Amino acid sequence: RQETFNMSTAKPMDVDSGSNGNKSQREQPKTAKNKSNKSSNEKKLQLMRGALLTCDPPLKQFLVKLNNDSPAQYKFIMRELDEDHLFISATKFPPQYNDVMEWLGKEVENWNKKWTYVDEGAKYDDNY
């Protein structure tokens, strides 16, 4: 869910210190000049509910590919923050899973099974 807040509607506060050292807050008066420039100086803040995911770069690359290959209703990456962090939606996942982390865990497990080679006949030295 996304919510947009118009920052120009926030009431600016001016801190005025009185003679007794106490600080009081009073609103700055709105002027006609502020109202006339409202459309050109309007700033918006977007709030999004999600989860911060920390992972190594190869796993992040896989998750970006999974996101790109997913249908539109399951695209879970909201922002790529840096090489180790993704901001993901906690609500976009297939219905057969309980949450997005369960779905991503299953996808990573399937990817590991598909692309990791394990030689069943190899002997391992437990003392090594």
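## A polar contact at Asn67

A polar atom in the side chain of Asn67 sits 2.7 Å from the backbone nitrogen of Phe76. Please keep in mind that the model you are looking at is predicted.

## Where Asn67 sits

To find this residue, look along helix α2, which covers residues 57–69 and includes Asn67. Is Asn67 buried or exposed? Its relative accessible area is 8%, and because buried means under 20%, Asn67 counts as buried.

Which residues does Asn67 touch, once those up to four places away in sequence are set aside? They are Tyr74, Lys75, Phe76 and Ile77. Phe76 in this list is also the residue whose backbone nitrogen faces the Asn67 side chain at 2.7 Å. As for Ile77, it comes ten residues away from Asn67 along the chain, and the C-alpha atoms of the two are 6.6 Å apart.

## The protein as a whole

Now let's step back. The protein has 128 residues, and 18% of them count as buried. Its secondary structure consists of seven strands and three helices. Read from the N terminus, these elements follow the order β-β-β-α-β-β-α-β-β-α.

Methods. Residues numbered from 1 in each chain as written. Predicted model: local features only at pLDDT ≥ 70, side-chain atom pairs only at ≥ 80, totals over all residues. Heavy atoms only, no water. Helix = DSSP H or I, 4+ residues; strand = E, 2+ residues; numbered from the N terminus. Buried < 20%, exposed > 50% of the residue type's maximum accessible area, 1.4 Å probe, protein only. Contact = heavy atoms within 4.5 Å. Polar contact = N/O pair within 3.5 Å; in protein donor to acceptor, adjacent residues only side chain to side chain.
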